[in-house]
Amino acid sequence: MSMKKISKTGFGEFITHIINTDGNVYGVQAKTEAKGDRFAFGPLTSADDLRLDYDVTLSPPKKYLLPPKETLVKYEVGGGYESSICKCKSILIGVHPYDLVAIKQMDELFSQDEYDTHYMTRRRNTTIIACDVAKASPNVFASSMGTATVTDGYDILLTDIGGAYVAHAATEKGEALLTEAAPSAGDATEADIAARKAVQDKNDTGLNQHELKCGPADIPGLLEKGYDSPVWEEKAATCYSCGSCNLTCPTCYCFDVQDDVAWSLKEGARHRAWDGCLLENFANVAGDHNFRKKREARYRHRLYRKGSYIPKKLGGEIACVGCGRCVGACLPDIANPVAVYNQLLEETK
Ligand code: SF4
Ligand code: SF4
């Protein structure tokens, strides 16, 4: 597939063409606050609003693939039913590599065992224009997790090399979009490709505000030994059970399913909504039995999901991509996975 160079002026035209041609275009935009700019994905209506120089978005782009709340099926009691499957096409612009890794993990998880038609239909209909990270966020540790750069998982990857972008099309969909929306883009030269590599080499080591003192592959073994470590009680002592660490995480995908039956008792709908294992009622079951009532049990469970249980389904891949969102979202500052893994490492020495 091709590697093109798009000038900064040509880039505006490229994005404008996409906005004018395709229906649902979502891109990273800034909200200026007293502490500086904060960034979020949202509907994009002007190329001028797109910010590819962002550090991290408040919530990950997974919300376009697994919406916070969605209707799964509508039904009539004693009658038929209709699945509510969204077949609309959409384009995401500005997805960072660590978020791409999280999306790839969800693709794998939602197509294993119980194939999730709702997620997979959306995913198939989504085009991803990713971008290499231009600025490290205050809590990113993607370099420690091996997720700072990627070679696949996107349709187009943009890298800012100064006066221009290098655009790599990795799929036929990406190639077609690049040809159609940026017809004047020329092939990237060797110097452009070297400049792209320099950006990626820098990110491979530089997106590391919290340094994991072992390799990601060592994490399952650390957890195996650390089930009774004091770290769980120590950290969870100040946990508010607010669930922010779950809800901002690009790899958390748990949801709750609820039926909403009409007052007539003749029809209803089944919805699902994001849930989080740190929330007190997450593990509440029939009979009001809660098998993770204690905060430390819930706190430990989150880290085991990321570092032990999900890796068993993903061929060993750790379900933490080092975006650092949970670290920034946690008021008592206890959610940082690196702090826990490093402490477990110390304890096993
Ligand atoms: S656990 Fe934290 S750092 Fe890791 S992917 Fe989730 S939000 Fe990002
Ligand atoms: S964000 Fe922090 S306080 Fe809130 S549930 Fe997670 S660990 Fe607990």
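What you see is a predicted model, where local features need pLDDT of at least 70 and side-chain atom pairs count only at pLDDT 80 or more, while totals for chains, interfaces and linings use all residues. Side-chain values use heavy atoms, with hydrogens and water left out; residues are numbered from 1 along each chain as its sequence is written, and chains are lettered from A and ligands numbered from 1 in the order in which they are written.

**Stop 1**

Select residues 24–33 and 36–43. These are strand 2 and strand 3, antiparallel partners held by eight bridges. A hairpin of two residues links them, and Thr32 sits opposite Asp37 of strand 3.

Now widen the view. For a parallel pair, pick strand 7 (residues 126–131) and strand 8 (residues 156–160), which share three bridges. Cys131 has Leu158 in strand 8 as its bridge partner.

**Stop 2**

Next comes an open, antiparallel sheet of four strands in the order 5-4-12-11. Strand 5 (81–83) and strand 11 (255–261) are the edges, each pairing on one side only. Neighbours here are turned by 20° against each other on average, direction ignored (axes are lines fitted to C-alpha atoms, for helices over the stretch in contact, and angles run from 0 to 180 degrees between N-to-C directions).

Zoom in on strand 4 (residues 69–76) and strand 12 (residues 267–274), antiparallel and joined by seven bridges. Glu70 faces Arg272 in strand 12. What lies across strand 4 and strand 12? That is helix 3 (residues 117–124), running at about 125° to strand 4.

**Stop 3: two domains**

Color 3–65 + 85–206 as domain 1 and 216–347 as domain 2; the bounds come from an automatic or database domain assignment. Their centres, taken over C-alpha atoms, are 27 Å apart.

**Stop 4: the ligands**

Finally, select ligand 1. Residues around it (a heavy atom within 4 Å) include Phe141, Arg302, Lys306, Cys320 and Cys323. Its shell has eight nonpolar, two polar and two charged residues (Ala, Val, Leu, Ile, Met, Phe, Trp, Tyr, Cys and Pro count as nonpolar, Asp, Glu, Lys and Arg as charged, and the others, Gly among them, as polar).

Then jump to ligand 2, with Cys239, Cys242, Cys245 and Cys330 among its surrounding residues. Eight nonpolar, three polar and no charged residues make up that shell.

Definitions and conventions:
Pairing = 2+ DSSP bridges. Contact = heavy atoms within 4.5 Å.
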